[in-house]
Amino acid sequence: MADEIRMPVEAGHIMMFARSIGDENPVYSDEEFAKNSEAGHILAPPTFPRAVYQFDPDYHLRVRPNVPWFGSGKNPTGLDGPAPSTGGLHAEMHFEYHRQMKPGDVLTVVKKPGKTWEKESRRAGKLMFTETIHEYRDEDGELVVTARSVGVKTERPVEQN
């Protein structure tokens with residue numbers, strides 16, 4: 001991810017994101033309904049901060065014209081053979097909301113390193129955990145969301161039974 005990304009929050013993006021995750025709550029798409037809700041406006045779903053990657057020009061999973069793409073499916077698209085493995089896995093994702101995202105927000109997202117730690121595993125040897133923090137701030141510099149993700153790499157491949 002680029003060091004800093006600008007992320008406009010728009011009602012159409014919120015609606016499409018909610019549809020893509022199968023959440024039909026009208027507070028994500030119906031302005032009249034949302035006006036009468038506790039928040040008083042359309043809200044973004046809790047995992048919406050992940051949409052920031054659509055604004056990252058360097059995002060490694062983005063499909064690019066005329067470039068083989070390994071995607072995330074069982075049978076990769078555009079490659080001759082299996083997708084390359086990094087030995088890493090996504091382990092956890094946490095979102096801490098300081099206030100709700102809403103249409104009209106323009107957020108600046110900054111990526112920061114978090115903690116690292118290790119554990120021992122019988123099947124994979126040493127497990128190396130890395131935390132990454134993303135801070136989402138509004139145009140006034142106020143913190144809106146803190147997203148924390150944890151990845152894990154194994155010392156050796158796990159043998160399949």
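User: What makes up the count of helices and strands in the chain?

Analyst: The chain has two helices and five strands. Helices are DSSP runs of H or I with at least four residues, strands are E runs of at least two, and numbering starts at the N terminus. The order from that end is β-α-α-β-β-β-β. This is a predicted model: local features need pLDDT of at least 70, side-chain atom pairs need 80 or more, and totals for chains, interfaces and linings use all residues. Residues are numbered from 1 along each chain as its sequence is written, and side-chain values use heavy atoms, without hydrogens and water.

User: Why is Glu 131 called buried?

Analyst: Buried means under 20% relative accessible area, exposed over 50%, partly exposed in between (1.4 Å probe, protein chains only). Glu 131 has 5% relative accessibility, so it counts as buried. Glu 131 sits in strand β4, residues 125–137.

User: Which residues does Glu 131 contact, beyond its neighbours within four places in sequence?

Analyst: They are Pro 113, Gly 114, Lys 115, Trp 117, Arg 148, Ser 149 and Val 150. Contact means heavy atoms within 4.5 Å. The Glu 131 side chain also reaches the backbone nitrogen of Lys 115 at 2.9 Å.

User: What makes a set of residues a nonpolar core?

Analyst: Its members are buried Ala, Val, Leu, Ile, Met, Phe, Trp, Tyr and Cys residues joined through side-chain atoms within 4.5 Å. The largest one has 24 residues; Val 52 and Tyr 136 are among those with the most contacts inside it. Elements giving it two or more residues are β1 (4–8), α1 (11–20), β3 (106–121) and β5 (143–154).

Definitions and conventions. A polar contact is a pair of N or O atoms within 3.5 Å; within protein, one must be able to donate a hydrogen and the other to accept it, and residues adjacent in sequence count only if both atoms are side-chain atoms.
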